Amino acid sequence: MKKVFLALAAVAALAACSKSEIAYEQPEEISITPFALNRTKAMVSGTEFPAENFMVWAYYKQLPAGTTIAAWQANADADKAQQLYINEKEFKPSATKGLWGGVTPYYWPKIGSLLFAGYYPTTAASLVDYKFTATENVMTINGYKPGFVDIKNTGVHQEDLMYFNMTATSSDGSTVGTQNSVTTGSQIDVVFRHALSWIEVILTKDVDTPDDAKITVNYVKFTNILPEGKGAINNSASDNEIKWTAYGTAADVTVTEKDGHVLAKNNTTPLDKQPLFIPQGMNNLVINYTIASEDKSKFTETKTINLGKIGSVAGTLGADTWQPGKKYTYTITIGTTEIFIDPVVTDWVPVNVPVGI
């Protein structure tokens, strides 16, 4: 959308003068079309980004649109020095559906182009940093402590930490994104990636369990979870997915309610308490449950499962480590078999005892 008009007004040849006039279009506001990668229905339907603000960086150089990150970093011309134009500023949903613009509007350059990067939510601003030099291109997130997904209020996604990688090539606003059928204004399309691991648990009663057997799960917990972490997204590397180092005081994370859960057959509804973990090595899943008979006779036992071994065998759970951007569903099925006793009566053994008087 950037245009430069050059108009030359010539006078008669006998006149010893001429003039030139340069006219510019009004500057066009920068707009971003965000898409969410692999969103799930409980958080946001499809890949639609929630109507919430996110943070953006934009770096400027007097280089043409389409310049790759590597070419950008390699260019050391003094008159094309890099400038930080948008320094971790908020973008908000605009009046045009599918577009986000700066809370303070920002505009496309007339000469040169921009590279963009960003993250969500805005509440993580004090924890996020970006270094982009001739030799480094890394976003870091330090000290992030995730919580639980608000499964009852899908309009709240503040725990869903996401980022978008630096745009692969620079833009000057001369192209219009097409992924979201937006045809007004100059914008760039960016894809947010999930940074955390999402955990959900489903509790169900085995279909072959007698109906009069009452099974109550008292608690389910994940053990030795490190509560916070430092993540780094290296946009100079071929694998630019976030890499985490988890730390802090390890603690157990319980996903059940205090009054327990009475199991029903064929249940497919996950528990409401769904934690988001800093990606880290899997530890144990501990299940405590009570099995009761109709006359209220009961017993309670505890089962411990090594999740790392399950992951390594299955091969589809990220081996023995929870991976960023993946949702792990653990379906716990508990059943029982009625106790039967097969009695055998031994025959009387006659014993003759003589008694003398």
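Predicted model: local features only at pLDDT ≥ 70, side-chain atom pairs only at ≥ 80, totals over all residues.
Glu200 is buried, with a relative accessible area of 9%. Burial here means a relative accessible area under 20%. Glu200 carries a charge partner, so follow its side chain to Lys327. The two form a salt bridge, and their closest N and O atoms are 3.2 Å apart. Side chains of opposite charge can pair when their charged atoms come close.

Now look at where the partners sit. Glu200 belongs to strand β13, residues 197–205, while Lys327 belongs to strand β22, residues 327–334. The pair therefore ties together parts that are 127 residues apart in sequence. Lys327 is partly exposed, at 31% relative accessibility.

By the rule used here, the model has seven salt bridges. Another one joins Asp252 and Lys221, with 3.5 Å from N to O. Asp252 lies in strand β17, residues 251–254, and Lys221 in strand β14, residues 214–225. These parts are 31 residues apart in sequence, so this pair ties them together too. Asp252 is partly exposed, with a relative accessible area of 40%. Lys221 is also partly exposed, at 21%.

One more salt bridge links Lys243 to Asp239, and here the N to O distance is 2.9 Å. Lys243 counts as partly exposed at 44% relative accessibility. Asp239 has a relative accessibility of 44% and counts as partly exposed.

Next, turn to the nonpolar residues inside. The largest nonpolar core has 29 residues. Met139 and Trp244 have the most contacts inside this core. Which elements each supply at least two of its residues? They are strands β4 (54–61), β7, β8 (128–132), β9 (137–144) and β16 (243–247), along with helix α1 (69–74).

A second core is separate and has 24 residues. Leu263, Trp322, Tyr328 and Ile332 are among them.

Take Val355 as an example. Val355 sits in the segment after β22. With a relative accessible area of 69%, Val355 is exposed, because exposed means over 50%.

Ile111 sits in the loop between β6 (100–102) and β7 (113–120). Is Ile111 buried or exposed? At 51% relative accessibility, Ile111 counts as exposed. Ile111 and Pro64 are 47 residues apart in sequence, yet their C-alpha atoms are 7.8 Å apart in space.

Finish with a pair of strands. Strand β20 covers residues 284–292, and strand β21 covers residues 298–306. The two run antiparallel, and nine bridges join them. Pick out Tyr289 and look across to β21. Its bridge partner there is Glu301. In a regular strand the side chains alternate between the two faces of the sheet. Between β20 and β21, the hairpin has five residues. Lys296 in this hairpin takes a positive phi near 75°.

Technical notes: Residues numbered from 1 in each chain as written. Heavy atoms only, no water. Salt bridge = Lys/Arg side-chain N within 4 Å of Asp/Glu carboxyl O. Helix = DSSP H or I, 4+ residues; strand = E, 2+ residues; numbered from the N terminus. Buried < 20%, exposed > 50% of the residue type's maximum accessible area, 1.4 Å probe, protein only. Core = buried A, V, L, I, M, F, W, Y, C linked by side-chain atoms within 4.5 Å. Pairing = 2+ DSSP bridges.
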